[in-house]
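Reader: Please take a close look at one chain of this complex and describe how its parts pack. I would like the cut-offs stated along with the values.

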Amino acid sequence: MNLRSIFTQLLELVLALALAPLLTGWINQCRAWLQNKSAPALWQPYRLLRKLFYKESMVADNASLLFRTTPYVVFGTMALASAIIPTVSTNLPLASAADAIALVGLFALARVFLSLAAMDIGTAFGSMGARREMLVGFLAEPALLMVFFSASLISGSTSLTTIVDTLSKQELVIYPGLAFAAVAFAIVALAENARVPVDNPSTHLELTMIHEALILEYSGRHLALIEWASSLKLMAYLCIGIALFAPWGIAAGSTPGAMLLALPVLVFKLGLGGALLALLETLSAKMRIFRVPEFLATAFLLAVIGLLVHLLLVRP
Amino acid sequence: MNSLLAQLVNLLGALLLMLAFAMISQRRIVSLVNLFTMQGATLAVATAVVGYVTRQPHLYLSAGLTLLLKAMLIPYALHRVIDRLHIRWEVETLINIPSTMLIGIGVVIFAFNLAIPISHLSSTVASGTLGIALACVLLSFLMMITRAKAVPQVIGFLAMENGLFFAATSATYGMPMVVELGIALDVLVGVLILGVFLFQIREQFDSLDIRNLEKLKED
């Protein structure tokens, strides 16, 4: 671990922190265009964050320490998650600390803390949202793990950097198993980031919301941190998708030239992924909460079939 | 180049399996017909690619036939039938969808295991896809078993023919032309007859539920 790899790591982290609200703004803009509305400005999420950071944080009387520390825990886990996902370069010192399984665990940690904090205040909406979030979470997690396993079967390692290295360096090979994994991953990403078929990120309608119900009690800088963390999570998911299914163009080392080349490629791919997400959201209708288990079970089964197809077709 | 094209055949086979699974998990009849159309188109592309890789021009003919029949003519006829019967959005299943999909996974594992020793014997480009073809056939079987209404059963039957066709293409580079033409004609005539049959069932029982057919005499 030399100075240059530490610099790469820092660059990647700062990039994720800075670009995440922009990505959210871009997706909102695409969605507004597709739905024939006038779009908000691209930097609207930054404005929102600044406004929230300036505002006073109100905390309920009966809130415990857990309620106050949760925003920091959630933000910290999301920042760590985006630090270990290779985006610009695969030369990441932190990546050896956590592999794909630990990454799923990190997302789970944030979810558990958010749900506990929502139940901490004792309002009806908070506990309802927490229950729903856990329902979605425990169904999405195994599917996400299976997606990771499909990719690690190819490279023989669960470390994300190794997976990306193997996938991006070899000559063009079509893996039918990964096609299944990609569809499963799209479903999981929609569910985990509270996007339209499962949850509507722009609604405050009490009976349908999941994510908004969890953070209803937060205000000021706490809310700002949580909003920032959700943007980070969305970006982390898109980056995982890029890393597993379209890893071409990523820099293998830490040479400035290669990284300078990888950066616009990443921004282009993120923009494309965001537009695709907005399109998916516009095309689908919000489903009943009781349909969500079926939706996510489909993702799990697709990922398992992907594994099976890989084992059937690619024999050593 | 050729190895990449062989992988493309594998990918198209995987796509067929994915579509078969989507058909199992689909509730609405219109979407079912659309998925069937996509399956037919995928099958035509897969056949054409196998034909190109192995330089067997007669496979182009059967690809064209597949495209014409299974991606255009039959879906058109099915759309007409469900329009006339007013069942575009009908929702029905015998077993609930998640359990059907779980059974489907078991079926896929069974089919893959069954196909591995067979595909070891075969030396064709796409021998690995035999398991996928077998899984498609069995999944269509499953769809016919778990559906109560007549139209999804017809679609299941047609999807099963798709799977068989893919098995023939991947294991032996297609059947002799005469057999293929015969089957294509059979399927077309089968659809027409089943279409007439559907109207008859509807007229007799005021419903397309085939459980009505279990009673042999009027009460």
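Author: **Chain B in detail**

Read from the N terminus, the elements of chain B follow the order α-α-α-α-α-α-α; here helices (H or I, at least four residues) and strands (E, at least two) are DSSP runs, numbered from the N terminus. The count is seven helices and zero strands. The radius of gyration of chain B is 18 Å, close to the 17 Å that the globule rule gives for 219 residues, so chain B is as compact as a globular protein of that length. That radius is taken over C-alpha atoms, and the globule rule is 2.2 Å times the number of residues to the power 0.38.

This is a predicted model, in which local features need pLDDT of at least 70 and side-chain atom pairs count only at pLDDT 80 or more, while totals for chains, interfaces and linings use all residues. Residues are numbered from 1 along each chain as its sequence is written, with chains lettered from A and ligands numbered from 1 in the order in which they are written. Chain B has a mean pLDDT of 84, and 94% of its residues reach 70 or more; pLDDT is the predictor's confidence in each residue, from 0 to 100. For the complex, the predictor gives an ipTM of 0.80 and a pTM of 0.89.

The C-alpha trace of chain B spans about 65 × 35 × 30 Å along its principal axes. Of the 219 residues in chain B, 43% are buried, where buried means 20 or more other C-beta atoms within 10 Å of a residue's own, exposed means 12 or fewer, and partly exposed is in between, with C-beta atoms placed from the backbone. Two residues are in contact if their C-beta atoms, placed from the backbone, lie within 7 Å. Among contacts in chain B between residues at least 6 apart in sequence, 74% join residues at least 24 apart.

One buried position is B:V33, with 24 other C-beta atoms within 10 Å. B:V33 belongs to helix α2 of chain B. Leaving aside residues up to four places away in sequence, B:V33 touches B:P75, B:L78, B:H79, B:I82 and B:I155. Between B:V33 and B:I74, 41 residues apart along the chain, the C-alpha separation is 9.4 Å.

B:R55 sits in the loop between α2 (29-54) and α3 (57-85) of chain B. Its phi is near 55°, a positive value in a residue other than glycine. B:R55 counts as exposed, with 7 C-beta neighbours inside 10 Å.

Next, a helix pair. The axes of α4 (residues 97-121) and α5 (residues 130-146) of chain B come within 8 Å and cross at roughly 145°; axes are lines fitted to C-alpha atoms, for helices over the stretch in contact, and angles run from 0 to 180 degrees between N-to-C directions. The contact of α4(B) with α5(B) has 15 nonpolar, five polar and no charged residues. In this classification Ala, Val, Leu, Ile, Met, Phe, Trp, Tyr, Cys and Pro count as nonpolar, Asp, Glu, Lys and Arg as charged, and the others, Gly among them, as polar. Residues of α4(B) in this contact include B:G104 and B:F112, and those of α5(B) include B:G131 and B:L138.

Finally, the partner chain. The contact takes 16 residues from chain A and 21 residues from chain B. On the side of chain A that touches chain B, α11(A) gives the largest share, 10 residues. The residues of that side divide into 14 nonpolar, one polar and one charged.
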